[in-house]
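Dear colleague,

Please find the structure that I am handing over to you below.

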Amino acid sequence: MFNAAGNDNRDITGYNADADDLIVVGATTSTDQRSGFSAYGSFVDIMAPGSSILATSYDGNGNSNYVYTSGTSFSCPFTAGLAALIWSAAPTLTADQVEQVLKESATDLGSPGYDNTFAHGRINSYQAMLHPLVQGGGGGGGGGGSGTNAPTKSPTTRPSDSPTSPPTTALVC
């Protein structure tokens, strides 16, 4: 499960609600700095873009337009989306392995390795797709890897019209 770190610029080190099945996401700027509003500290697992995100807006009078907005509530779904991309490329991965890929493929920011400002770093979709667990197909329930999970320019098979089984683990923001 994914959780937005919060927009109160506070150190959440030692927060007692951390759990192994919870990925807490902080926000970065377009220049890979920690967003000034983003919570930080050892409770935060990973960072993702969250400042000046172009989004749609509705003014309540039937008018919609585009606006730039910010918050860890944008960082969180970017990270959950990357987790879904990882799982789509390597569906046999366990939830723990997906988390491992997220953290190990992140672009390290700040002090080398994990730090209380940038956690494991900013998510990196490209590096996640190149991660050995993704390229090898993972292992969670067998399967293993032929190394054929790299993106292709065109579909290798025709999509099926048949429904598929839902994932066994939910991604929630």
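Helices (H or I, at least four residues) and strands (E, at least two) are DSSP runs, and they are numbered from the N terminus. With that in mind, Asn-63 lies in the loop between β4 and β5 (64-69).

Two remarks on the source come before the rest. This is a predicted model, in which local features need pLDDT of at least 70 and side-chain atom pairs count only at pLDDT 80 or more, while totals for chains, interfaces and linings use all residues. Residues are numbered from 1 along each chain as its sequence is written, and side-chain values use heavy atoms, with hydrogens and water left out.

The chain as a whole

The chain has four helices and five strands. Read from the N terminus, the order of the elements is β-β-β-β-β-α-α-α-α. The mean pLDDT (the predictor's confidence in each residue, from 0 to 100) is 84 for the chain, and 76% of its residues reach 70 or more. Two stretches call for caution in reading. Over residues 140-149 pLDDT stays under 50, and the model has 20 contacts beyond four places in sequence for them; a contact means heavy atoms within 4.5 Å. Over residues 158-173 pLDDT also stays under 50, with 13 contacts beyond four places in sequence.

Of the 173 residues in the chain, 35% are buried. Here buried means under 20% relative accessible area, exposed means over 50%, and partly exposed lies in between (1.4 Å probe, protein chains only). The chain exposes about 9900 Å², and carbon and sulfur atoms supply 51% of this area; accessible areas come from the Shrake-Rupley method with a 1.4 Å probe, and for residues only the protein chains shown count as cover. Among contacts between residues at least 6 apart in sequence, 54% join residues at least 24 apart.

The pair of helices α1 and α2

Two packed helices are described by the angle between their axes and the distance between the axes. Helix α1 (residues 72-89) and helix α2 (residues 95-105) pack at an angle of about 115°, and their axes are 10 Å apart. The axes are lines fitted to C-alpha atoms, for helices over the stretch in contact, and angles run from 0 to 180 degrees between N-to-C directions. On the α1 side, Thr-79, Leu-82, Ala-83, Ile-86 and Trp-87 meet Ala-95, Val-98, Val-101 and Leu-102 of α2. The residues of this contact divide into eight nonpolar, one polar and no charged. Ala, Val, Leu, Ile, Met, Phe, Trp, Tyr, Cys and Pro count as nonpolar, Asp, Glu, Lys and Arg as charged, and the others, Gly among them, as polar.

In α2, the buried residues are Gln-97, Val-98, Glu-99, Val-101, Leu-102 and Ser-105. They pack against β1 (2-4), β2 (23-28), β3 (46-49), α1, α3 and α4 (132-135).

Ile-46, Ala-119 and His-120

Ile-46 is placed in strand β3 and counts as buried because its relative accessible area is 1%. Leaving aside neighbours within four places in sequence, its contacts include Thr-79, Leu-102, Ala-119 and His-120. The C-alpha atoms of Ile-46 and Phe-118 are separated by 6.9 Å, although these residues are 72 residues apart along the chain.

Ala-119 is found in the loop between α2 and α3. This residue is not a glycine, yet has a positive phi of about 55°. Its relative accessible area is 1%, so Ala-119 is buried.

His-120 lies in the loop between α2 and α3 (125-130). Its relative accessibility is 27%, and therefore His-120 counts as partly exposed. Not counting residues up to four places away in sequence, His-120 touches Asp-45, Ile-46, Lys-103, Ala-106, Thr-107, Asp-108 and Tyr-114.

Ser-51 lies in the loop between β3 and β4 (53-58). Ser-51 is buried because its relative accessible area is 16%. Leaving aside neighbours within four places in sequence, Ser-51 is in contact with Thr-28, Thr-29, Ser-35, Phe-37, Thr-69 and Ser-70. Ser-52 is placed in the loop between β3 and β4, and its phi is near 55°, a positive value in a residue other than glycine.

Asn-63, at 43% relative accessibility, counts as partly exposed. Not counting residues up to four places away in sequence, Asn-63 touches Ser-57 and Tyr-58.
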